[in-house]
Amino acid sequence: MPDALDELLDLLDLEQIEQNFFRGQSRSALVPRVFGGQVAAQALVAAGRTVPEDRLAHSLHAYFLRAGDAGAPIVYQVDRIRDGRSFTTRRVVAVQHGQPIFHLSASFQTYEEGLEHQDDMPAAPDPETLPTAAEMLPRHLPADVAARLVEARAAVDLRYADVPPWGSVGEPREPRSQVWFRTNGKLADDPLLHVCLATYVSDMTLLDSVLLAHGRGGWAVGDVVGASLDHAMWFHRPFRADEWLLYDQESPSASGGRGLGQARIYTQDGKLAISVIQEGVVRVPRRP
């Protein structure tokens, strides 16, 4: 298993410091704050550690309140809201320097049979035919920026189906993007771990579709500034984060300095595994 994936799994293996209290560490990101996907994934780990193993995460709803300090630990306090016959609900507050930086509500359910239907998986290229991040990023970004981005995402094999926002700056396109992803290594057969890793990755590219609509390159080239505001996910069907998943993303709206992204994540054999919605601050930097 690659070192980068080992490091990510270590980040998600929280230290329990008291009943309902957990502590997590951080890693440096491309921006001078904690990566939002890391905080969301760690908060879901904390919630899941207080839930019986036969109850699987089926949804989460979260707000990013303050920028996290990558140089300080994060304490996750879990509130055991409800333990019902079929559903379990948890609320998690992430705290740094005495202040909440993130709130998450998550719901877990015992497996049961029910009605079944789903939208068909959209057409997408075979992930094995697409360039890796290490191959693609240097084509569109300065060498130092590309190297930092490859390093930041080294635990995940993430492949764009089309040119990413920073590869078409100044050329507005349809606000839609597709990426395939999987972890760079096999994972244990723990459903919570796979859900948490998908949560981690889900914050990497969802707002790309907002940038595409306006021909902006985004955070990698500095022609917008922004941050995640809120994030919601629904986990519909079992999946593995170490097998190819298609992240089909689009942006229906941007206004008021905010952009909305919505997406569906499919397994390679066409099962709809996850639905995702996120809103973020997306601002054009003011000129001096």
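In this predicted model, T88 has a relative accessibility of 0% and therefore counts as buried, the cut-off being under 20%. The residue belongs to strand β5, which covers residues 87-96. Through its side chain, T88 forms a polar contact of 2.9 Å with the side chain of R55. When neighbours within four places in sequence are set aside, the residues in contact with T88 are V51, R55, R82, D83, A106, S107 and F108.

The setting of this residue is the protein chain, whose secondary structure consists of six helices and twelve strands. Its overall dimensions are listed below.

| Property of the protein chain | Value |
|---|---|
| Span of the C-alpha trace along the principal axes | about 55 × 45 × 40 Å |
| Radius of gyration | 18 Å |
| Distance between the mean positions of positive and negative charges | 6 Å |

The radius of gyration agrees with that of a compact globule, because a globule of 288 residues would have a value near 19 Å. The charges comprise 28 positive and 38 negative ones.

How much of the chain counts as buried? Of the 288 residues, 47% fall into that class. Among contacts with a separation of 6 or more, 72% involve residues 24 or more positions apart.

Notes: Residues are numbered from 1 along each chain as its sequence is written. This is a predicted model: local features need pLDDT of at least 70, side-chain atom pairs count only at pLDDT 80 or more; totals for chains, interfaces and linings use all residues. Side-chain values use heavy atoms; hydrogens and water are left out. Helices (H or I, at least four residues) and strands (E, at least two) are DSSP runs, numbered from the N terminus. The radius of gyration is taken over C-alpha atoms; the globule rule is 2.2 Å times the number of residues to the power 0.38. Buried means under 20% relative accessible area, exposed over 50%, partly exposed in between (1.4 Å probe, protein chains only). Contact means heavy atoms within 4.5 Å. Lys and Arg count as positive and Asp and Glu as negative; His and the chain ends are not counted. The place of a charge is taken as NZ of Lys, CZ of Arg, CG of Asp or CD of Glu. A polar contact is a pair of N or O atoms within 3.5 Å; within protein, one must be able to donate a hydrogen and the other to accept it, and residues adjacent in sequence count only if both atoms are side-chain atoms.
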